[in-house]
Amino acid sequence: MAEENLVVIKSTFNKTPNQKYYIAPCKGPNGLYPDCIRKVDAHGDLILSEDDKKQMSKGKQFLAEDEPIVVEHGTVFNLDNPIQAAQWEAIKYSKLIAKERDELDINGNYVIDGGKSIVDQYQNARGRYGTAELYIERPGRTAKAKNDFRKLILQAQNLVVNDDLSHRVTICKLFEKNMEHAHPNDVEDFLLTQAEKYPEKVIRFYNTEEAAVRLLLIVARERGIVASRQDGLYYSDIKLGASLDFAVDYLRAAENKMLCEAIKKDTYPELQKKTDKNK
């Protein structure tokens, strides 16, 4: 049984031992019940189609729309078990259950603790102001996310540590930080700090074609080939984008390859001279 296929229900306010919650099947964001829910007849029996019966013979589980699922602090749903998987599917959209302890609603309020201001004001002394009382815990998932992030940091830091000073300074420019005259230790410190905070960005700047275009625009702007105006970046009268990110995406587009080459020639005329000499 894989740990990632377990859903553990926790009660945030588990002050009453063995407190049980009776949660009726809930409709999803589409306004419909999950596929495992069926109506019942006057005798309380499930109303099943012939296709439903065929699916049941293959292990499919169906639940009554008026039959509550009982949960309490520590209830575990094993998603490899057809019955438990159906039970979880039936209630996973309940307003009583938060996707995680600190889940926010669309307004930015905590679904368990309520408004942010309340939590900020009282800090750790959280009260009951939200709609949810339960939350989901996925064994090993939080640790895996932390470990994956640590591995990214290590990968990014290795790229920095194994790089030479000249290229480190170039990478700094991709963060729009000019460190051409900075002490080598300050350059390394800046990049290692970025690796700790934004490892994916550091890795991307070292390994992708996007980084080359971004660097071209930064150097072109330094040399006056590309201008920053109030509404974006311009090459002559051609607007490249409202921001550096938009301009990078614009120049990476296949149809703008010739424009990108023109900016490169104007930005690095020394490269053009070398090419002419080699002809």
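**From a loop to the sheet**

Tutor: Asp-45 is partly exposed, with a relative accessible area of 43% (buried is under 20%, exposed over 50%, partly exposed in between, with a 1.4 Å probe and protein chains only). This is a predicted model: local features need pLDDT of at least 70, side-chain atom pairs pLDDT 80 or more, while totals for chains, interfaces and linings use all residues. Numbering runs from 1 along each chain as its sequence is written, and side-chain values use heavy atoms, without hydrogens or water.

Where does Asp-45 lie? The residue is in the loop between strand E3 (37-38) and helix H1 (50-57) (helices, H or I with at least four residues, and strands, E with at least two, are DSSP runs numbered from the N terminus). Leaving aside neighbours within four places in sequence, Asp-45 is in contact with Lys-39 and Val-40 (heavy atoms within 4.5 Å). Ala-64 is 19 residues away along the chain. Its C-alpha atom is 8.1 Å from that of Asp-45.

Now the wider chain. It has 279 residues, and 34% of them are buried. Eleven helices and eleven strands make up its list of elements. Take the contacts with a separation of 6 or more: 59% join residues 24 or more positions apart.

Turn to strand E1, residues 6-11. Six of its six residues are buried, so E1 is largely enclosed by the rest of the structure. In a regular strand, side chains alternate between the two faces of the sheet. Both faces of E1 are covered. Leu-6, Val-8 and Lys-10 are buried on one side. Val-7, Ile-9 and Ser-11 are buried on the other.

Which strands pair with E1? One is E6, residues 76-78, antiparallel over three bridges (a pair needs at least two DSSP bridges). Val-7 has Phe-77 of E6 as its bridge partner. The other is E8, also antiparallel, joined to E1 by four bridges. Here Lys-10 is bridged to Tyr-135.

These strands belong to an open sheet of four, in the order E6-E1-E8-E7, with mixed pairing. E6 and E7 (97-98) stand at the edges. Each has a single partner strand, so one side of each is left without a neighbour in the sheet.

The largest pocket has a volume of about 390 Å³ (a pocket is an open set of points on a 1 Å grid over the protein atoms alone, with protein on both sides within 12 Å along at least five of seven lines; lining residues have an atom within 4 Å of a point). Fourteen residues line this pocket, and Lys-99, Glu-100, Ile-136, Arg-138 and Arg-141 are the closest to its centre. Strand E8 (134-137) and helix H4 (141-161) are the elements that each give two or more residues to this lining. E8 supplies the largest share, three residues.

The second largest pocket comes to about 310 Å³ (a volume is the space filled by probe spheres set on points joined across faces, edges and corners). Its lining includes Lys-92, Tyr-93, Ser-94 and Lys-95. Ile-97 and Ala-98 line it too, and these positions are those of edge strand E7.

Technical notes:
On a 1 Å grid over the protein atoms alone, a cavity is a set of points where a 1.4 Å probe fits but cannot get out, and a pocket is an open set with protein on both sides within 12 Å along at least five of seven lines; lining residues have an atom within 4 Å of a point.
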